[in-house]
Amino acid sequence: MKLVSFFICILFLAGLNSCQPVIEVEEVDSFENVNHPRVLYWFWSPDVLQNERYLTDLDSIAKKSPFNLIFITARDGVDFYNYEVMRPIFSRLVEEAHQKNLKIGLQLWDGGDEIPLEHSMRLLGEKEVTLDAVGHASCDLIAKHVRQNSINRHSDVKVQKSELFKVWAFKKAEDGVYVPGTLSDITSIVQSVSKTPDRLTVTINGGKDLAGYSVYVLAQHYYNWSDMYGGYVSDLFREAFKNYASIPFDGTALDEYTHMRITPPWLMPESESFTERFYSPAMAERFKEKYGNDIETCLLAMRYVPEGEEALRISNINHYMDLMRGGPLQVERDFYHDSKSVFGPETFIGVHNTFHNTLGGDELWQTGGNWWTLPREYGHTDETSILPTQMGIAQCSPRNVLYNMYYHEHPDTIFKKAVCDLAYGIRTHYHAYNDTHGWGVKLESPEFMAGVRPIENAASLLNRFDPALPQMDVLLVFGMEALQNWYPDREVRSKYELNTQVRPEEVAMKLWNQGYRVVLASSDVITEGKLKVEKNGTLNLNGHSYTNMVYLYPQYMKGSTLSLLEEYVTCKGKMLLMGEFGKDFEGTDIEQRISKLGNFCNDIPEVVQGLEQMGVTASRLPGNASINEDGSYVETFYPALSGSEGVSFKVTLDKHEFAGICKGMIAIQTDGKGRLVKLASVGLSELKKDGKDMLRLSSPSDIYVSIDKQGYKIQVIKGTEVLIKDIE
């Protein structure tokens, strides 16, 4: 009889439910972090280098903090490009860190201040003047709208020189339009003088033949900022990697890699707008290669076109913006590839390129808004990026965790956000140890370390549980091309030459707040091949499946986007559209093709109505909880995670109710039939299934439960007795 029972149990462990499973209980001191690192930013100011303070700080991080991947970043004049000084320091740092089971990541800025003039980025300033009765006019063009101070520089960003770029004369018909046949390039007859690097005085003597004509003047202002289009920036990073190749760095990072930093919205004078254009000879070459036209012709057509040539202006605005946005992305791709080549395929590549975290200000002119196409294993955001955006960025990256860099002057604000983010697959990249800028609390403070440890202990348990990303119901894709082009409606022209009526984040948050699980992505995911139509008619966003899509702002979409949408509709895909439409990327009329794609909505209520008609309901869980793509459930509670009081939780999985009491985090996964597969919790006291006790502990304890071929394994903190373990 004993032999029969033995074989029955063996059959159960092979997948049958014929007897109670084997349950092993193990007491542990703590739960080691696995699967995903716990990340810290460490500012290196000059005093960190004095008397080997970096080793003392490293020892403190190892002993007093929960972090195991530390990114070092140069601040206040420290130069990571001073190889003779930094190489031995980095070598010692990484060696000591590895002995302490810590990993070190190297964050680099873009190479310093001594930039050869031929490799410097320029900003083109513009003026329109009218020639008098004798064909004469003069004007001053002054360099402006560049932020002079920059954390990634040893000195301020300055104008190196100003010179004439191009001048055209034409008979103006109306604003932005000239009479055909009147345009002429008069650059060669224009005189210019620059008495200071930031100012150019232009004098035009066109003669009586040009009397009354309008003149469009472009001046180029050279700055000590590296040109990203000709490979100069990528070569600087390659040189750095070459010099540090003997040091086994565990990660590398670019932080908010951007074009030249321009005046942000909160500093832009009310009477001014950013109308300048980035330019370099290498950028002009890339433009010629991509579009077959001279960039000078494009720059003119972005402002002035012949009568009846509206499409010409549309296409040239789109062409320039597309190339401009692609500059930072190419550097990011080079950086990623070169990092892996030098430091190995497992190198952790960070961090975010969300700059000011909203699309409607200066973001496109800085990072290019390439949030969803950044080459990273993990998605990265920072500060207050909205959840639909974060979920979109996370889904566009291979790994099932997103890192959000965060700082604040109040520790409780940091703790609350970090706890809430855990429920959505987000881990906090804490900013910063030795915060010399005073932007947030110094992370080395005892107050911070005491508060963050229970949060990161919860993160470690979740990392061990390793759920899939949250399940999203609605794929919301917006047209980046519509955002970057206001023309021809001057009423929607923003201070940064964008379309003020294109507000995808606002739409996403209104749907989110109504309970819809919304993921937001730009049309770049189509252009870059991340979004595809499967043979069964579903949409696949980098491995994440959707049966519906809301496409916002279809105006000026690229041919590849239109083709994908048509393919989806042909496969009987469900789609709603919202926003102006009619023209494609080149300004060609495609109104009839777009009108066949789906139902058009005028506002959010109509979108909600359309979703309901497609069978999509608002299913986001109340509180700070998520159901994930693998069917698992995660919920976090603040401030309970850092307190002593337990909180109750309750969730229905596979038509079974799971309920209990914990101290701030609970994660449960079942097998689709209601059987427990995994559990992780902070301070669990009890767990019930359909009102029946499954687990009861002698005192609240962190706990991890898993199952394998041998049965269930319950891990609890030492000193905790498992009173009830009726898991099956």
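Start with the open sheet of five strands, ordered 10-7-13-5-15 and paired antiparallel. The model is predicted. Select strand 10 (184–185) and strand 15 (277–279): these are the edges, and each has a single partner strand, so one side of each is left without a neighbour in the sheet.

Three bridges tie strand 5 to strand 15, and the two run antiparallel. Pick leucine 123: opposite stands phenylalanine 278 in strand 15. Then show helix 6 (residues 281–291). Helix 6 lies across strand 5 and strand 15, at about 95 degrees to strand 15.

Select strand 9 (residues 177–178): two bridges join strand 9 to strand 16, and the strands run parallel. Click valine 177 to find its bridge partner in strand 16, valine 305.

**The nonpolar cores**

Which residues touch the most other members of the largest nonpolar core? Select Trp42, Trp44 and Tyr320; the core holds 178 residues. Keep tryptophan 44 and show its contacts beyond four places in sequence: among them are Leu49, Tyr54, Ile72, Arg75, Phe80, Met86, Phe90 and Leu93. Apart from that core lies another, of 25 residues, including Phe649, Cys662, Ile714 and Val716.

**Helix 14**

Select helix 14 (residues 504–513). Its buried residues are Pro504, Glu505, Val507, Ala508, Leu511 and Trp512. Look down the helix axis: the buried residues of helix 14 fall within an arc of 160 degrees, so they line one face.

What covers the buried residues of helix 14? Show helix 10 (387–395), strand 21 (474–478), strand 22 (518–522), strand 26 (548–552), strand 27 (574–578) and helix 18, which are included in the cover. Just after helix 14, stop at glycine 515, where phi is positive, about 100 degrees.

**Backbone checks**

Most residues other than glycine have a negative phi, and most peptide bonds are trans. The next stops depart from that pattern.

Select histidine 431 and alanine 432. The peptide bond between them is cis, with omega near 5 degrees. Alanine 432 sits in strand 20 (residues 426–433). Next, take tyrosine 487 and proline 488, again joined by a cis peptide bond, with omega near 10 degrees. Proline 488 lies in the loop between helix 13 (480–483) and helix 14.

Go to asparagine 434, in the loop between strand 20 and helix 12 (446–465). Its phi is near 60 degrees, positive although the residue is not glycine. Buried or exposed: which is asparagine 434? At 3% relative accessibility, asparagine 434 counts as buried, because the cut-off for buried is under 20%.

Jump to lysine 572, in the loop between helix 16 (559–570) and strand 27. Lysine 572 also has a positive phi, near 70 degrees. Its relative accessibility is 72%, so lysine 572 counts as exposed.

**Last stop**

Finish at glycine 623, in the loop between helix 18 (604–613) and strand 29 (625–627). Glycine 623 is exposed, with a relative accessible area of 56%.

Notes. Residues numbered from 1 in each chain as written. Predicted model: local features only at pLDDT ≥ 70, side-chain atom pairs only at ≥ 80, totals over all residues. Heavy atoms only, no water. Pairing = 2+ DSSP bridges. Helix = DSSP H or I, 4+ residues; strand = E, 2+ residues; numbered from the N terminus. Buried < 20%, exposed > 50% of the residue type's maximum accessible area, 1.4 Å probe, protein only. Core = buried A, V, L, I, M, F, W, Y, C linked by side-chain atoms within 4.5 Å. Contact = heavy atoms within 4.5 Å. Axes fitted to C-alpha atoms, helices over the stretch in contact; angles between N-to-C directions. Arc of directions from axis to C-beta.
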